[in-house]
Structure formats: structure tokens, C-alpha cells
Amino acid sequence: MKISYNWLKEFVKTDWDTLQLSELLTDLGLEVEGIEDYESIPGGLKGLVVGEVVTCEQHPNADRLKITTVDIGTEEILQIVCGAPNVAKGQKVVVAPVGTLLYPVSGESFTIKKSKIRGELSQGMICAEDEIGIGSDHDGIIVLKNTHKVGNTCSDIFKVENDSVFEIGLTPNRADAMSHFGVARDLKAGFLQKGINTELIRPNTNGFNVELTNASMRIDVVDKKSAPRYCGLRISDVKVAPSPEYIQNKLKAIGLTPINNIVDATNYVLHELGQPLHAFDANAIDTGVVKVQTLNEGTSFTTLDGVERTLSAEDLMICNGDTPMCIAGVFGGIDSGVTEKTTEIFLESAYFDPVSIRKSAKRHGLSTDASFRFERGVDIEMVEYALRRAALLIIELAGGHVSSNVMDEYPTKAEPIQFMVHFDYINRLIGEELPRETIKSILTSLDIKINNVTETALALSVPPYRVDVTRPADIAEEILRVYGYNNIEFSNKLSTSLPDVNLFEQNDWERNISRQLVDLGFYEIYNNSLAAPTNEEDPELVRLVNPLSNELSSMRKDLIGGLVDAVIYNVNRRQKNCKFFEFGNVYNVKEGVYNQSKNLIIAASGNQHDSHWIAGDQSADFYYIKGVINSLAERANLTINEEKAEHSHLTDCIALLHKNQCIGYIGKVKNDLFSSLDEETSLFLADIDWSVYLSLAKHVNIRVNPPSKFPSVKRDMALLVDDAVEFSSLKKMAFETEKKLLESVQLFDVYQGKGIPDGKKSYGLTFTISDHSKTLTDKQVDKITSKIFRRYQNEYAAELR
């Protein structure tokens, strides 16, 4: 939000400079993010001076050029080549000497240099309006009155207005500060805390009066819930024209483009008082009734920007009878706006329901200064006052007179919020005991009325415009920001409580697993929980009632979409080795019940590691991801079994089971999700139901075994088995056969090809056998491996190669 320094000083008189004010505003919670200088004429006409043309002769080498000598009040008379047809001897002109930086109306700024034009020396420039940014005329040079003294600066002649503009990072809760008056109101409280008692100056509306009431017009608020207060009046015999410079300069300073005196007046009051207004061409309201209502779903309406929009049955509309003229509080219509031919206007000032305005603005993709304020909540008590102020300003700028009484539909008056707040509570929340008189003084300066004071508490009434102050904690915050956060003393005492650390708490598990994955070279990512629906007909999709856009119109059902987008983003930027993981919530609705659960997704694409001379490239594949999952399972002491499964986004998918309970899935992402990348890019991932993982991990006992004092023995076995036999089955059978001494079974080779019969394959297995109580003999080891092989023979008709 932009706030003009000069404009601000019209409400609170101060001699503080911009730096001092910015520090105070920031302390008050209105953080100043930057200060920009503003000049009503770009460049401020710096370097431009009044000159007198001493001589004017024809250029010997150009018919349209003349050689002039110009006196600018220095010892040296300047020779300047000029192409303007109206230059003549004896004129007072605007001169840009060598080194002057000019800001033309169109094009880039440029510096005047000494040069030769058609062989003749030119030591400056005699300027036209458009060349110095004060107008659009380029037919000839500017000829000044002879009363101007040679050598005077042109900035004094053209009255350049200088200003400083604060860029304030306004938080959404501070609706009361969305105007110059609102900021000045906070400054007054801040000054008072610093011992400076200054007056808050309100624009005077005492001159408002109704001259004639012959204009027949009335308002009819049908939807009183969406429009709790609606005011309007008619102004006749106005003349639409450009606004005077002082209005235009104020609007330009805060980034607005002046349009005409009527529209500029409404924008002026909006930024002055924070109350949006809208001016309609009254002659377009041929029914004589301004109706505030909703219309049928699907009604067409063309807004000021020429876009035809389809209305919702929830959009609040300002209508000419039943014909829409304006989306209330958001954007006007193309047929009822003020034009150069307008002579009668209907001026609107209202309080609209913030929720209704926000929904309409988002629904139609519109964001205006008016909707920005209505969405956050304007001051309902300011509505009529702002209307009178705007009417007086319009009459000042455009002439005319008020030709109707003020029509004010305000059936239910807004009441102040009242509650008790205890001194002890305030001091405890602030962390320091403040003098009670200081507390009362701050509250009074903020327009918070003190109804009653006891030994322990205050009974308060908060004005309706403070929509963010509704409870005792808000009162403590108001006191603290005015008193000054920097004035609170630091304590030398640090008090804390030791937490009851539980290894199996969800956050601990999540943190430990994250560290483990990071140690394995993975990067954690975060994606938006909002996503575009992949299937509009999906009955389990959780849709938003009021989405920001179609791309963010539903809650994600899984983490795969966001992860795939992250991989595509990186691969397109030549980062082909991607190893990501994400913890995140997923959502669905089943039989009318909304569900939320947490998932962990782990994925890899490209190579397992960056290229290195000591190790060749090794692709991240299905087995790499499976190895990562096995390490996570071991950490939770889970035994993982595998089972082939179907998955909507994965091919070659297996389900991960622990005691017949599914923990998640591993597979390769289907190519249709990677349509924007080359065919060589593959992405393998594991999608883990984190809630299930935690529930199983919480109920296991972690066993810690000391390393064996006795050596383990390894035996290799090359088996010939049917092609359908899986390694997981062989591993499981081995542990069932030897439960006591078998430590591990590793697969070191799989071979199919020459020397292997059709329908067969060869597995190379390594068995690790150990006894923690004694050294094993060859006879014992042979007995164990023979027993395992016999099981393989009986169950799978296995043969030794």
C-alpha cells in the first residue's frame, strides 16, 4: 500500500522527516518496506534554466535548422542549433545546457551532449513541452513570458511538486489502516506515546447541503445480509473534465492514473478515508430505482473492461431496476459508467459483506482497490460521511449541486464490541508490568472506549472499524505495538520446561527418517496441497468451494503429481539426477466423509550418484528404491513382504506388506505423466502410507544385539529354478528352514541366456550363518545349507548348477 508523505501531513501536522516517520510506522505495526521519491514532472526539471535568444540565423547547411546564441545568465553565451519553426530573436525559452538529463514524454531519458549538427557546434538544447515531460506538444519550442529572469531554474516556473511515498506492507488484519486517514490515526497514537500531542484532522463536510430535491430516485436493498448499509445521492449539472493538477499529482504519487474529475474524486476519497465509492451515470438509471440484489445463475453482464461475464446466483449486483449495472464492491458495468457526456450522477457509498465480495472477486478473477478494502472490512460508520465528503469534492471539481436527499439504508446499526480485560493478563502477555495510566492513555488514543475501570480490570468498547480487535489478547497486542516492542526490557532469567521426550512421537520419527534420507543423498521438497483435478468426474476428489484458479481448485489425492512436476522442472534445467522425498497430507471424500492422512513419497531419476572417476554411473532403478525402503523398514523393525499390485500411476508395481497390512507401493511412474520429457527419462518411486508406518512402528520393540565374538561363515549357492520363482520366496523359505543361525540371504547374481534352458533362470545366493555362542564347524554349516537346498528341491524343483 502506498502512502504519500505530503498527503499524510494534511491529517496530522508534523515536522518529522520521512526516515523518522518510517521508523515510527514500522514500530506501530505498519511496516515500511521502502520509500520512493516522487516528482510531478519526471526528473524535476533539474538543470533546465530560462534563456534568452540573443541571435537567430539560418543554418548554412540545412533549410530547417537555425543557429541561435542564447544567454542563460552565465559568462558564456551558448551557441545552440535549433529545428523549431517558432524560434526567434528576443524570446525567453527553456534551455537544457550540456550535461542536463531530460525525461521526454515518450522514450528513454537522455543526456544533452556537446555536438556538431550539420557541421555547426551546438552547446545545448532549446526545449519543447514533450522533450521535458510537461506536455505532448512538439510543434515548437516553449516560449516563456518576458517577465522571467534569465538564468532562473524552470522548476520554479512550472511548480514541480516533490513528495515521498511510503510502501507499507499492510497485514490483512489491519483494515483500519487502508487509507491516509487510517495511517494518520495510528501516527497520532504513536506521537502521543512519545509525548507529542497532535490533532487528528478530519476533512470538513460542514459545507454539504441539498439545494434541490426535484430528482426522483430511490434505493431498494433486497439482500440486506450482503449489504448491511447502502447510501446514495444524486448530483446534477456536473461537467466531466480532467482533474486539477493537485488532485492528479496526489493520485499519480500513489501509482494511480487520473481519468476524469468524477472518477478521480471517488478514487481520491477511497485513498483518503478508506471508503470505496462508485459513480453511475444517473441518466442510465431510467427506472429511477437502484436495486441491490442477486440475479439468476448464468445472467450475462459486461464489465467496464469490455469482458462479458457469466454471473453466479451469489454475486451481489447493483441494478437499474432488474438490469445489472455493477458487481457490487468489485467492478462497474460498461453501460452505466461516467463518460464525457455525463451531466447527472448517482453516487454510491456502502458497506458490503466481506465474504460476499471476496467470493465474487475471486470467482471473476478481479482485484480492484475497492474489492481489496471491502474484502477486509471497511468502517460501516464512515459510509455516509465519506459520501458527503465525495459529493463536496465532486462539486468543487466538476460543478453541479446535490439534487436529492441522502438515501441511507442502515436497518441494523453496528454495535461496538464489548468485553473485559484484566491488567494482570495484559502484563503477563506483554512480559512487563506497564503503568495503568499508560495502558488507559494508549487505549483512548486508539478510539477504544473505557466504559469502566476496577482495581483489576477494564471494561472496553471497541469501535466497529477495528475488525481485528475482538478479544483480550488483541487488546494486549494493541497496547504493545503503541507502547513499543523496543521498549520492553530483556530479562536475564530464562525459564523453560524439559519436554517429555518420546522416541515414537510422530515428529521425532519424521525428523529421523528425513535425516536418514538426506544422508542417502535425497532432497526434501514441499508442494502445494492445492492442485488441479486430474479427473473432474472423480467422486473422491475434495473440491474447493471458492478456488483461486482452476489449477488450485481441489485438494491433492496423492503426492505423486507434485513430485513429478518437481522432477520435470529440474530435468528441463539439465538437472537429470533427481532424488527427492516429501512428507505431506493427502485428502479424499468417501461416502460423504472427508478424510485426511499423511504420506511419505520417495523418488529417484537418473543416476544414483553424480559422476565420479572412481565409480562408474549407476542408474537409479526399482531395486535402488526398494533398498531405501528396506532400510526404513529395518529402522522400525518391520518385516516387509511383497505382492504384485495395480496402481493408477505406476507400472511394475508391488505392494509392501507387513503382516498382511499394506504400508505402501513401489513402482515406475507411467510414461504419460512424463509426456513433456524424452523417453529415456524414468522415475521410480515409493509411496508410503505414513500413518500406517507409524502405527506399526509404535508397537514394536527395538532390539539391540551386540556384535558376535565368533566369526560368521558365508556359503554361495547357484540355483537353477523356474522363471516364475521369485527371490523373495527363496529368502523367506531359507529363514523358515533355519531360524536360529541364518543371519542373511543376499542375491548377488541373476542370469538367463546361453546354457540356461528355456523357462529357467539362475540365482546366485549368499547365505551368512553365525552362532553367537561358539565357532561353527564346516560340518554344521554344510548341514544347514544342505537342509535349505533340500527345501528348495522339494518346493521349487531347484537344481544346483
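**Gly-107**

I started with Gly-107, which sits in the loop between strand 7 (101-102) and strand 8 (110-111). This is a predicted model, so I keep that in mind for every entry. Is Gly-107 buried or exposed? I get a relative accessible area of 64% for Gly-107, so it goes down as exposed; the cut-off I use for that word is over 50%.

**Whole chain**

Next I zoomed out. I count 19 helices and 41 strands in the chain. The radius of gyration is 39 Å, whereas a compact globule of 801 residues would come out near 28 Å. The C-alpha trace spans about 125 × 85 × 65 Å along its principal axes. For burial, I noted that 48% of the 801 residues count as buried. The accessible surface is about 41800 Å², and carbon and sulfur atoms hold 47% of that. I also checked contact range: among contacts with a separation of 6 or more, 69% are between residues 24 or more positions apart.

**Cores**

Which residues touch the most other members of the largest nonpolar core? I found Tyr-230, Ile-318, Phe-346, Phe-352 and Ile-475, in a core of 114 residues. Helix 10 (residues 383-398) gives the largest share of this core, with 10 residues. There is a second, separate core of 32 residues, and I jotted down Ile-654, Trp-690, Val-692 and Ala-697 as being among them. As background, nonpolar side chains tend to be buried together in soluble globular proteins.

**Helix 12**

I then went through helix 12 (residues 436-445), where Thr-438, Ile-439, Ile-442, Leu-443 and Ser-445 are buried. Why do they end up on the same side of helix 12? Their directions cover an arc of only 165° around the axis, and that puts them on one side. Glu-437 and Thr-444 are exposed, on the face turned away from the buried side of helix 12. I looked for what covers the buried residues, and the list includes helix 5 (180-193), helix 11 (423-430), strand 28 (457-462) and helix 13 (472-483). Just after helix 12, I noticed that Asp-447 has a positive phi of about 65°.

**Strands 4 and 5**

How many bridges join strand 4 (residues 66-71) to strand 5? I count five, and the two strands run antiparallel. One pair I wrote down is Lys-66, which stands opposite Cys-82 in strand 5. The two strands form a hairpin with six residues between them, and Gly-73 in the turn has a positive phi of about 90°. Strand 5 (residues 78-82) is mostly covered, with four of its five residues buried.

**Val-54**

While in this part of the notebook I checked Val-54, which is in strand 3 (residues 49-58). Its relative accessible area is 36%, so I call Val-54 partly exposed. Which residues does Val-54 contact, leaving aside neighbours within four places in sequence? I get Thr-69, Val-70, Asp-71 and Lys-89.

I traced an open sheet of seven strands in the order 29-32-33-37-36-35-34, with mixed pairing. Strand 29 (523-524) and strand 34 (641-644) are at the edges; each has a single partner strand, so one side of each has no neighbour in the sheet. Inside the order, strand 32 (residues 578-590) and strand 33 (residues 593-605) run antiparallel and are joined by 13 bridges. I picked out one of the pairs: Phe-580 has Ala-603 in strand 33 as its bridge partner.

**Positive phi outside glycine**

Last, I looked at two loop residues. Arg-574 has phi near 65°, which is positive in a residue other than glycine. Arg-574 lies in the loop between helix 15 (560-571) and strand 32, and at 74% relative accessibility it counts as exposed. Ala-797 has phi near 55°, again a positive value in a residue other than glycine. The loop holding Ala-797 is between helix 19 (778-796) and strand 41 (799-800). I put Ala-797 down as partly exposed, with a relative accessible area of 44%.

How values were computed. Residues are numbered from 1 along each chain as its sequence is written. This is a predicted model: local features need pLDDT of at least 70, side-chain atom pairs count only at pLDDT 80 or more; totals for chains, interfaces and linings use all residues. Side-chain values use heavy atoms; hydrogens and water are left out. Buried means under 20% relative accessible area, exposed over 50%, partly exposed in between (1.4 Å probe, protein chains only). The arc is that of the directions from the helix axis to the C-beta atoms. Contact means heavy atoms within 4.5 Å. A nonpolar core is a set of buried Ala, Val, Leu, Ile, Met, Phe, Trp, Tyr and Cys residues joined through side-chain atoms within 4.5 Å. The radius of gyration is taken over C-alpha atoms; the globule rule is 2.2 Å times the number of residues to the power 0.38. Accessible areas come from the Shrake-Rupley method with a 1.4 Å probe; for residues, only the protein chains shown count as cover. Two strands pair if DSSP finds at least two bridges between them.
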